[in-house]
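Q: I have a chain open here and want to go through it. Can you take a few quick questions?
A: Go ahead.

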Amino acid sequence: MSSTTVSRHHGGFSLAQYVTCLNGIVWREALRFVHQRERFVSALVRPLVWLFIFAAGFRQVLGISIIPPYETYILYEVYIAPGLMAMIQLFNGMQSSLSMVYDREMGNMRTLLVSPLPRWYLLFCKLVAGTAVSLLQVYAFLLIAWFWDIAPPPIGYLTVLPALIVSGLMLGALGMLISSGIKQLENFAGVMNFVIFPMFFASSALYPLWRVQEGSPLLYYVCLFNPFTHAVELIRFALYGQMNWTSLAVVVCCTTAFMIGAICAYDPSRGLVRRGPAGGEA
């Protein structure tokens with residue numbers, strides 16, 4: 001009996017096989033992204049509308065004092081830039097989970113999840129692929145924002161990359177967890193409205209938390225316990241070469257919790273198999 005046969009008999013896979021699986025899923029997601037150009041455009045339109053229109057209208061109303069990581073007074077559009085970067089990742093995570101609902105109805109996801117590789121690894125590969133796509137979108141946004149005089153320190157474009165990866169994994173894992181409980185594609189839009197908008201507006205993406213605390217102490221605590229707030233702050237500090245350790249800890253813990261929940265939800269004894277045929281049929 002060959003070593004390969006013994007390895008498979010014991011349920012083991014070589015490193016090359018894991019890498020091949022990862023490359024295949026990432027490549028599939030990249031091709032889907034390339035062929036869906038409107039997805040790339042729509043991902044940039046939303047934050048650019050906020051940056052060019054909303055920020056211009058509220059520049060004089062919402063002044064920003066000197067708060068970390070900023071060392072001087074800043075324009076409002078500079079403040080909201082990290083929040084808009086996180087917004088791109090939030091929408092991309094939800095769109096990636098939407099594709100999982102679609103694939104599940106069409107049968108592609110069923111085929112993927114019954115492969116010999118561990119289910120947790122397949123879901124992790126899908127999560128990595130979605131995060132990689134979101135990184136391209138965020139850096140495209142930063143390039144456009146640079147022409148709008150939103151220019152962090154040059155080193156910030158590099159130091160923000162780990163923060164974007166961690167926050168992208170968290171938001172993608174959240175979308176994956178949500179997609180596991182959706183039986184039909186038509187139900188996804190309603191769920192999105194109850195997740196994306198509350199997470200975005202009840203955070204520090206558009207206004208600092210000290211201003212929220214002045215207006216509503218209750219809303220302040222809601223924003224403080226919102227994982228999206230910590231994703232925004234992690235990106236904000238990293239963009240200026242600093243580390244927010246509290247936000248990093250929260251984002252890592254939430255990523256782990258969301259991913260474990262998604263893996264358990266996609267278990268065949270409780271997830272896809274139990275739901276029955278694609279499309280919600282009995």
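Q: In what order do the elements of the protein chain run from the N terminus on?
A: This is a predicted model. From the N terminus, the order is α-α-α-α-α-α-α-α-α-α-α-α-α-α.

Q: How many helices and strands is that for the protein chain?
A: The count is 14 helices and 0 strands.

Q: What share of the residues of the protein chain counts as buried?
A: Of its 282 residues, 46% are buried.

Q: And the contacts, what percentage join residues at least 24 apart?
A: That is 77%, taken among contacts between residues at least 6 apart in sequence.

Q: Switching to the surface. How much of the accessible surface belongs to carbon and sulfur atoms?
A: Carbon and sulfur atoms account for 69% of about 14000 Å² in the protein chain.

Q: Which residues make the nonpolar surface patch?
A: Val-41, Val-45, Val-49 and Ile-53 make a patch of about 340 Å².

Q: Where does Val-45 lie?
A: Val-45 is in helix 3, which covers residues 37-58. Its relative accessible area is 41%, so Val-45 counts as partly exposed.

Q: Now charges. How many salt bridges does a search of the whole structure find?
A: The search finds 1. Arg-236 pairs with Glu-233, and their closest N and O atoms are 3.2 Å apart.

Q: Where are Arg-236 and Glu-233 in the helix?
A: Both sit in helix 12 (residues 227-239), 3 residues apart, so about one helical turn separates Arg-236 and Glu-233.

Q: Are Arg-236 and Glu-233 buried or exposed?
A: Arg-236 is buried, and Glu-233 is buried too.

Key
Residues are numbered from 1 along each chain as its sequence is written. This is a predicted model: local features need pLDDT of at least 70, side-chain atom pairs count only at pLDDT 80 or more; totals for chains, interfaces and linings use all residues. Side-chain values use heavy atoms; hydrogens and water are left out. Helices (H or I, at least four residues) and strands (E, at least two) are DSSP runs, numbered from the N terminus. Buried means under 20% relative accessible area, exposed over 50%, partly exposed in between (1.4 Å probe, protein chains only). Contact means heavy atoms within 4.5 Å. Accessible areas come from the Shrake-Rupley method with a 1.4 Å probe; for residues, only the protein chains shown count as cover. Patches are made of residues with over 30% relative accessible area and no salt bridge: like charges are joined within 9 Å, nonpolar side chains (Val, Leu, Ile, Met, Phe, Trp, Tyr) within 5 Å. A salt bridge is a side-chain nitrogen of Lys or Arg within 4 Å of a carboxyl oxygen of Asp or Glu.
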